[in-house]
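Work through the exercises below with the model open beside you. Try each task before you read its solution.

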Amino acid sequence: MKKIIVTGGAGFIGSHVVRRMVNTYLDYEIINLDKLTYAGNLENLKDIEGRPNYRFVKGDIVDAEFINKLFEEERPDGIIHLAAESHVDRSISDPSAFVMTNVIGTVNLLNAARSTWEGAYDQHRFYHVSTDEVYGALGAEGFFTEETSYDPHSPYSASKASSDHFVRAYGDTYGLDIVISNCSNNYGSHHFPEKLIPLAINNIKHRRPIPIYGKGENVRDWLWVEDHARAIDLIYHQATSGATYNIGGHNEWTNIDLIQLLCRVMDQKLGRSEGESAKLITYVTDRAGHDLRYAIDSSKLQKDLGWKPSITFEEGLEKTVDWFLENEEWLERVTSGQYLDYYKQQYKG
Ligand code: NAD
Ligand code: DAU
């Protein structure tokens, strides 16, 4: 029986990866290692919590002693590492938490993998899940490829870039079998409502202002989270050692166009007259160091592993809105407590 540790499995993307692995590989044991920060929520995995091939372990990847002990005891075959502080705005107000989890936490996992798997590196895989933000910002033209130089601008992307470098360095220096993927913006069910799409869905529902940073001209390349989870599964199983893959949907939207579309979908779903929700759009102070445009060239992944996005953005957005409207309790619970304090500080009220 193969044993895989998935870190950050209680978060947005991690929960989709865990669900996919548990449902697809009945002969694997999937261990979800998560600290359960404000972003981690075991409710995301309610549907699989009783499965015999799934286990949750609460723990902090920054705690080296705990991580070493866990690796010694469990002796996993591989790791899919998603645990991270993931929100750019939070990294601007508190960079240190990002250094601790994203850099130190990743190095702790690499050290544990290095000593536990010594002598058999070719039989174990360290998969590091990263972001397109490490590449910096594009102008109006061009795409990020796997060869694009790193040029991170936010404390978040700097911490992810640093962790990518450490993962590659452990591959080159010690011979660990590593793979890295850099994905564009995800959206879908269980997305924490500090990020643009779920935040806007929640605000539209409650007829609250939809905050758009700057002029809303920044471009993001959106991918349905289940397509990301499927890419991770493929890459974990089929990529050659040391490989990097970019993952993205060729689906670029300016923030304002995206929010206009979302408002139209929400008007329909909520039985509002056309244009009603768009009146909530409110331009606010821009994010510091706001990257203008991200766009991924995923042709290597398409060519090598036959991956491509399974649904259009319009379909995915509608599914996402439906999920949020059908799961009001989930949304109510995650928008209470700590998150409300953050919201007040970020948007001044
Ligand atoms: P998320 O914030 O929703 O979830 C992060 C998870 O990590 C949470 O469950 C949290 O409890 C856990 N965690 C945080 N600190 C931890 C620690 N010290 N020890 C153990 N667990 C800890 O994040 P997400 O959006 O699901 O992103 C997952 C990964 O994918 C991250 O590495 C992120 O950089 C990367 N990524 C995200 C996107 C995106 O659009 N969201 C795109 C590309 C890459
Ligand atoms: O590109 C991949 C990255 O996508 C991941 O690595 C990050 O973990 C993930 O959070 C996401 O980062 P972004 O900063 O692009 O996502 P966010 O949803 O925070 O913002 C999307 C765009 O919307 C961005 O241009 C900023 C803008 N925005 C965001 C918020 C929260 C607004 O205009 N208003 C808002 O209130």
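In the class counts below, Ala, Val, Leu, Ile, Met, Phe, Trp, Tyr, Cys and Pro count as nonpolar, Asp, Glu, Lys and Arg as charged, and the others, Gly among them, as polar. The model is predicted.

**Exercise 1. The largest pocket**

Task: Find the volume of the largest pocket, and say which residues and elements line it.

Solution: 
- Step 1. Take the volume. The largest pocket has about 260 Å³.
- Step 2. Go to the centre. The lining has 13 residues, and Asp89, Tyr213, Thr285, Asp286 and Gln346 are the closest to the centre of the pocket.
- Step 3. Sort the lining by class. It has five nonpolar, four polar and four charged residues.

**Exercise 2. The cavities**

Solution: 
- Step 1. Recall the approach. Rolling a probe the size of a water molecule over the atoms shows where empty space is left.
- Step 2. List its lining. Val88, Glu133, Ser154, Arg220, Arg287, Ala288, Gly289, His290, Asp291 and Tyr294 line this cavity.
- Step 3. Sort by class. The lining splits into three nonpolar, three polar and four charged residues.

**Exercise 3. The shell around ligand 1**

Solution: 
- Step 1. Start with the shell. Ligand 1 has 28 residues around it, and Ile13, Asp34, Ser86, Tyr156 and Lys160 come nearest.
- Step 2. Sort the shell. It divides into 12 nonpolar, 12 polar and four charged residues.
- Step 3. A polar backbone atom of Ile61 is 3.0 Å from a nitrogen atom of ligand 1. The side chain of Thr101 has an N or O atom 3.1 Å from a nitrogen atom of the ligand.
- Step 4. Turn to oxygen. An oxygen atom of ligand 1 lies 2.9 Å from a backbone N or O atom of Asn186.
- Step 5. Alone, ligand 1 exposes 830 Å², and the protein buries 97% of that.
- Step 6. Assign elements. Helix 1 (12-24), strand 5 (125-131), helix 5 (155-174) and strand 7 (185-187) give two or more residues to the shell. Strand 5 gives the largest share, three residues.

How values were computed:
Residues are numbered from 1 along each chain as its sequence is written. Chains are lettered from A and ligands numbered from 1 in the order in which they are written. This is a predicted model: local features need pLDDT of at least 70, side-chain atom pairs count only at pLDDT 80 or more; totals for chains, interfaces and linings use all residues. Side-chain values use heavy atoms; hydrogens and water are left out. A residue is near a molecule or strand if one of its heavy atoms lies within 4 Å of it. A polar contact is a pair of N or O atoms within 3.5 Å; within protein, one must be able to donate a hydrogen and the other to accept it, and residues adjacent in sequence count only if both atoms are side-chain atoms. Accessible areas come from the Shrake-Rupley method with a 1.4 Å probe; for residues, only the protein chains shown count as cover. Helices (H or I, at least four residues) and strands (E, at least two) are DSSP runs, numbered from the N terminus. On a 1 Å grid over the protein atoms alone, a cavity is a set of points where a 1.4 Å probe fits but cannot get out, and a pocket is an open set with protein on both sides within 12 Å along at least five of seven lines; lining residues have an atom within 4 Å of a point. Grid points are joined across faces, edges and corners, and a volume is the space filled by probe spheres set on the points.
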